[in-house]
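Look at the sequence and the 3D structure below. This report takes the two chains in turn and then turns to where they touch.

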Amino acid sequence: MPEPLPSPAEELATEEAQEGLPVDAGTQEIAAVIAVPGATAARRRKKPFGVGAWLALGWLVFVIGIALLAPVLPLKDPINWSDPTLKLQGPQWGHILGLDQGGHDMLSLLVWGARPSLEIGFGSIAIGFVVGGTLGLIAGYFRGLIGELLGGLFDIMLAIPAVILALAIVAATSASVTENTGSHVTNVTIALAIVSVPILGRITRASALSWSDREFVLAARAQGASHFRILWRELLPNVLPAMFSIAVLGIAVAIVAEGALAILGAGVNAASTPSWGNIIIGGQGNLSEASHIVIEASIAIFLTVLSLNHLGDALRARFDVQEARI
Amino acid sequence: MWFRRRKRRSLESADRFPSAPPDVPLLEVDSAQTSFVTDRGTVRAVDGVTFSLERGRTLGIVGESGCGKTVLSRSVMGLLPKHNVVRSGSVRFEGQEIGNWAPDQMRPLWGTQMAMVFQDPMTSLNPVMSIGNQITEPLLYHFDISSGYARELAVALLQSVGIPEPDRRLRQFPHELSGGMRQRVMIAIAIACGPKLLFADEPTTSLDVTVQAQILDLLQTQQRERYMAMILVTHDLGVVAGRTDDIAVMYAGRIVEKAPTRVLFSQPRMPYTEALLASIPKLGDAAHSRLATIPGRPPNLIHPPQGCKFSPRCAYVQDKCRVEEPPLRPGPEGKHEFACWFPVGTPEGRAAFESNKKAGVAAVEARLGGETVPVEGVS
């Protein structure tokens with residue numbers, strides 16, 4: 001068995017002993033001083049992610065994985081396969097998560113339902129991230145008229161209740177879609193993207209405002225950097241952590257919002273595209289006799305949102321500390 | 001190799017700014033004024049400053065906090081924001097008027113013709129960009145060179161500013177370096193594109209005293225080796241002593257005295273300069289000497305006092321000073337300029353000081369300082 005390497009403290013003790021010095025409190029004190037920087041450096045480098053964050057990451061990987069693999073998984077067809085005789089039945093052999101009010105298999109509904117939910121969640125925030133981030137960065141860097149106008153625009157958009165704004169956009173954009181049967185995933189994604197723009201824009205603007213006052217921005221300017229260079233190379237990398245932590249929360253909110261829109265009848269078309277949101281809506285009429293429909297879909301949303309929030313926090317804790325160490 | 005040759009050529013041709021004939025100074029600033037429009041009134045931060053700087057020479061600009069020295073250097077470089085800033089006067093660089101140029105016109109000059117080292121290396125480096133990228137960044141946007149070649153240049157630059165293991169440092173981030181190291185990196189960035197004029201805006205104020213001298217020596221060597229003109233802005237006369245060719249002392253937005261460094265230290269003419277020199281503690285002073293101070297505080301730049309702006313704090317003040325502002329004009333020695341009606345070391349100055357001493361003017365008491373303060377229990 002290999003001998004463990006002596007710690008700096010032990011090394012010092014042996015050294016002092018060899019030199020005929022007594023190993024006393026002084027040794028320990030010096031050893032503590034020696035030991036601390038190395039220890040903290042090691043902690044900084046590793047900084048483990050924590051069990052919760054790994055679980056959250058695991059769940060997200062699992063959900064995204066099954067959503068992507070849905071067509072090749074051995075699942076019943078969520079729309080075309082149904083057994084009316086078994087409708088509203090709870091978990092049983094062959095249907096481990098039970099069946100819904102139309103006799104469709106809950107497991108395959110949930111797996112297929114993950115697709116539009118995740119598409120809407122990630123898609124809308126991705127659009128909002130790019131658009132809101134760009135506008136916010138510009139608003140924070142170019143004060144003056146551009147900044148005021150964009151800031152005002154964000155405030156106006158934020159003043160309109162988000163759900164009503166999203167409803168209005170879905171209603172306006174889905175006129176061409178089959179009447180009264182709900183909307184396409186794209187429409188909901190765009191609606192939620194527009195709603196998320198001012199939120200991400202404001203966060204980015206606030207962060208960019210404070211960063212663009214830093215001397216290194218002036219220093220870059222004094223070296224002849226163009227506005228684009230300053231925005232892209234100096235400001236953006238500093239603003240990204242704040243944007244990411246809000247965006248991750250935003251994905252969670254968007255997944256829930258898709259459900260909220262479904263409740264209001266402006267969600268994704270349940271007949272053609274099951275989503276977590278419209279599964280809940282479909283099941284709410286039978287809450288007393290078949291609660292498993294609503295509960296299972298809610299748990300799927302709950303775990304995903306919880307994972308995203310937790311992962312967002314963990315990421316921020318990992319990347320946002322740079323400033324404190326300077 | 002063909003691409004290496006192309007790079008060399010592009011490095012040289014990047015110097016697009018035409019050089020003036022050698023008899024024209026590199027930088028000429030003529031009655032520069034910079035005011036800030038605020039809610040409380042117009043702050044005249046720089047109020048009619050005139051100086052010129054030859055190639056390869058160094059000028060120290062000295063003054064208290066808030067006297068306009070930083071604003072002056074940023075104003076000359078054109079780095080001040082547009083909003084609420086009013087500039088007038090002329091700035092000629094290489095004989096060409098650049099005082100009224102827009103930032104877009106100035107941008108090709110920044111970095112390649114004039115550069116600045118900032119006060120606080122803790123905040124003037126981007127915390128999330130590696131040292132290497134921060135040095136190569138200006139090289140890449142000013143010159144048509146490959147990133148590999150820019151990296152070679154960065155290593156050479158770090159070496160020349162005295163940073164050990166430059167290869168390793170390139171990959172490090174600012175928080176991994178000490179304050180002195182960061183200021184060295186800042187200097188490397190500033191000189192990367194070979195400017196002809198370097199502004200050093202209090203480059204050592206936020207550094208450890210032991211590091212200050214190293215950084216100042218480094219600036220001096222770089223300035224000499226590259227034959228740059230340098231403007232060293234500081235509040236500390238000790239910093240410019242022996243390191244600059246000339247010194248300009250600023251007070252309330254104006255230059256009040258300008259002279260070759262040696263002359264200024266040996267024969268200050270302006271009472272403000274004399275008071276600044278007197279306020280430096282000397283090793284030879286007896287223990288418990290009271291430090292000489294300048295009473296009062298710098299004037300309000302929105303409503304500056306009438307006459308000489310230093311008159312309320314001056315030990316030599318006479319009635320004339322409170323009414324008429326003295327112009328900056330050369331004394332009998334020629335190169336030594338000062339703005340004072342009763343200059344130090346002249347018969348008029350001595351008479352003014354004596355009469356104030358008899359009258360018990362507060363500034364005289366503070367100015368004299370010097371005598372030992374009796375402290376109980378200490379012999």
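The bend at a residue is the angle between two axes, one fitted to the seven residues ending there and one to the seven starting there. The model is predicted.

## Chain A: helices throughout

Chain A has twelve helices and zero strands. Read from the N terminus, the order of its elements is α-α-α-α-α-α-α-α-α-α-α-α.

The chain holds 326 residues, and 38% of them are buried. Now take the contacts in chain A between residues at least 6 apart in sequence. Of these, 68% join residues at least 24 apart.

Helix α7 of chain A covers residues 185–212, which makes 28 residues. At 1.5 Å a residue, α7(A) should span 40 Å. Its end C-alpha atoms are 38 Å apart, which agrees.

Where does the kink of α7(A) lie? It lies at A:S196, shortly before the proline A:P198, and amounts to about 30 degrees. α7(A) is also mostly covered, with 23 of its 28 residues buried.

Helix α5 of chain B takes in the 14 residues 147–160.

Which residues of α5(B) are buried? They are B:A150, B:A154, B:L157 and B:L158. Seen down the axis of α5(B), these buried residues fall within an arc of 95 degrees, so they line one face of the helix. The cover over them includes α4, α6 (166–170) and α7 (179–191) of chain B.

The face turned away from the buried side carries the exposed residues B:G148, B:E152 and B:A156. After α5(B) comes B:G162, whose phi is positive, near 75 degrees.

## Chain B: a buried strand and its partner

Now look at strand β6 (114–117) of chain B. B:M114 and B:M116 point one way from β6(B). B:A115 and B:V117 point the other way, and all are buried.

β6(B) pairs with strand β7 (residues 197–201) of chain B. The pairing is parallel and runs over four bridges. One of the partners in β7(B) is B:A200, which bridges to B:V117.

## Chain B: a proline in a loop

B:P343 sits in the loop between β12 (337–338) and α13 (347–359) of chain B. Is this proline buried or exposed? B:P343 is buried, because 23 other C-beta atoms lie within 10 Å, and 20 or more is the cut-off for buried.

B:P343 and B:P268 are 75 residues apart in sequence. In space they are 8.5 Å apart, C-alpha to C-alpha. Leaving aside neighbours within four places in sequence, B:P343 is in contact with B:R269, B:M270, B:F338 and B:G349.

## Where the chains touch

How many residues of chain B are in contact with chain A? The count is 26 residues of chain B, in contact with 21 residues of chain A. On the side of chain B that touches chain A, β6 (114–117) and α4 (131–142) of chain B each supply at least two residues. The largest share, four residues, comes from α4(B).

The residues on that side of chain B divide into 15 nonpolar, eight polar and three charged.

Key. Residues numbered from 1 in each chain as written. Chains lettered and ligands numbered in written order. Predicted model: local features only at pLDDT ≥ 70, side-chain atom pairs only at ≥ 80, totals over all residues. Contact = placed C-beta atoms within 7 Å. Nonpolar A, V, L, I, M, F, W, Y, C, P; charged D, E, K, R; others polar. Expected span 1.5 Å × (residues − 1). Buried ≥ 20, exposed ≤ 12 C-beta atoms within 10 Å, placed from the backbone. Arc of directions from axis to C-beta. Pairing = 2+ DSSP bridges.
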